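Dear colleague,

I am passing on the structure that we spoke about, and below it I have written out what was found. Please read the notes with the model open beside you.

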Amino acid sequence: MGDSSRFLPRSSSFRPDSRRLSDSIPALLSSYRTVLALIWAVGFILLICWQRAAVDSFWGPPPRHIPRLRSVVFNLTDFGAVGDGVTVNTKAFEMAISEIQRRGGGQLNVEAGVWLTAPFNLTSHMTLFLAENAVILGIDFPGKCDNGREGELIFV
């Protein structure tokens with residue numbers, strides 16, 4: 001095998017450097033490369049913090065709640081509607097509106113999603129509230145427009 005003494009220092013009094021950390025920091029900072037690296041790192045961290053504060057979409061805005069504008073509030077999903085962009089929700093709209101009419105007024109909340117429906121009539125003393133990213137998409141439903149209004153989705 002090899003001689004292990006060649007990996008040891010030639011001095012017989014080998015001891016690790018016993019300087020304290022507080023003594024070595026000024027020596028470390030005396031190098032201009034270390035100082036430039038620290039300035040670059042601090043600047044990079046500040047840039048990321050600034051972007052985090054300036055751009056809301058990184059974590060997304062806080063969820064918005066649906067305001068209560070009337071004393072009686074209904075959600076369209078309570079009447080069996082599905083906002084998947086495939087299910088036709090005309091019956092759910094009509095049942096919700098008739099319930100609001102029966103109660104003398106109210107608010108109908110439409111959650112985020114794509115809600116397919118044929119034309120329908122609104123009632124008096126009613127607020128139709130669409131949440132952010134909620135879309136009511138009309139479908140072509142022949143024979144539904146029995147009141148003579150062609151091309152309209154919601155009748156007021």
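A residue is called buried here when its relative accessible area is under 20%, exposed when that value is over 50%, and partly exposed in between, with a 1.4 Å probe and protein chains only. By this rule, 21% of the 156 residues of the protein count as buried. Please bear in mind that the model is predicted, so that local features need pLDDT of at least 70 and side-chain atom pairs count only at pLDDT 80 or more, whereas totals for chains, interfaces and linings use all residues. Residues are numbered from 1 along each chain as its sequence is written, and side-chain values use heavy atoms, with hydrogens and water left out.

Overall fold

The secondary structure consists of three helices and eight strands, where helices (H or I, at least four residues) and strands (E, at least two) are DSSP runs numbered from the N terminus. Along the sequence these elements follow the pattern α-α-β-β-α-β-β-β-β-β-β.

The annotated segment and its surface

The UniProt record, an unreviewed entry, gives the annotation "transmembrane region" to residues 31-50; positions from UniProt are in the numbering used here, feature names are shortened, and such annotations may be inferred rather than shown by experiment. Helix 2 (residues 32-54) contains Trp40, which counts as exposed because its relative accessibility is 60%. Together with Phe44, Leu47, Ile48 and Trp50, Trp40 makes a nonpolar surface patch of about 590 Å². Patches are made of residues with over 30% relative accessible area and no salt bridge, with like charges joined within 9 Å and nonpolar side chains (Val, Leu, Ile, Met, Phe, Trp, Tyr) within 5 Å; the areas come from the Shrake-Rupley method with a 1.4 Å probe, and for residues only the protein chains shown count as cover.

Strands of a sheet pair through backbone hydrogen bonds, either parallel or antiparallel. Here an open sheet of three strands has the order 2-4-7, with parallel pairing, two strands being taken as paired if DSSP finds at least two bridges between them. Strand 2 (84-88) and strand 7 are the edge strands, each of which pairs on one side only. On average, neighbouring strands of this sheet are turned by 25° against each other, direction ignored; the axes behind such angles are lines fitted to C-alpha atoms, for helices over the stretch in contact, and angles run from 0 to 180 degrees between N-to-C directions.

Strand 4 (residues 113-117) pairs with strand 2 in the parallel sense over two bridges, and Leu116 in strand 4 is the bridge partner of Val88. Five bridges join strand 4 to strand 7, again in parallel, and Thr117 stands opposite Gly138 in strand 7. Strand 4 is largely enclosed by the rest of the structure, because four of its five residues are buried.

Salt bridges

How many salt bridges does the structure hold? There are two, a salt bridge being a side-chain nitrogen of Lys or Arg within 4 Å of a carboxyl oxygen of Asp or Glu. Glu99 meets Arg102 in one of them, at 2.6 Å from N to O, and Glu99 meets Arg103 in a salt bridge of 3.1 Å, N to O, so that Glu99, Arg102 and Arg103 are linked in a network. Glu99 and Arg102 both lie in helix 3 (residues 90-102), three residues apart, or about one turn of the helix. Glu99 counts as buried at 18% relative accessibility, whereas Arg102 counts as exposed at 59% and Arg103 as partly exposed at 48%.

Two backbone angles to look at

Most residues other than glycine have a negative phi. His125, although not a glycine, has a positive phi of about 55°; His125 sits in the loop between strand 5 (120-121) and strand 6 (126-130) and is exposed, with a relative accessible area of 57%. Asn133 also has a positive phi, near 70°, and is found in the loop between strand 6 and strand 7 (134-138), where Asn133 is exposed with a relative accessible area of 64%.

With best wishes
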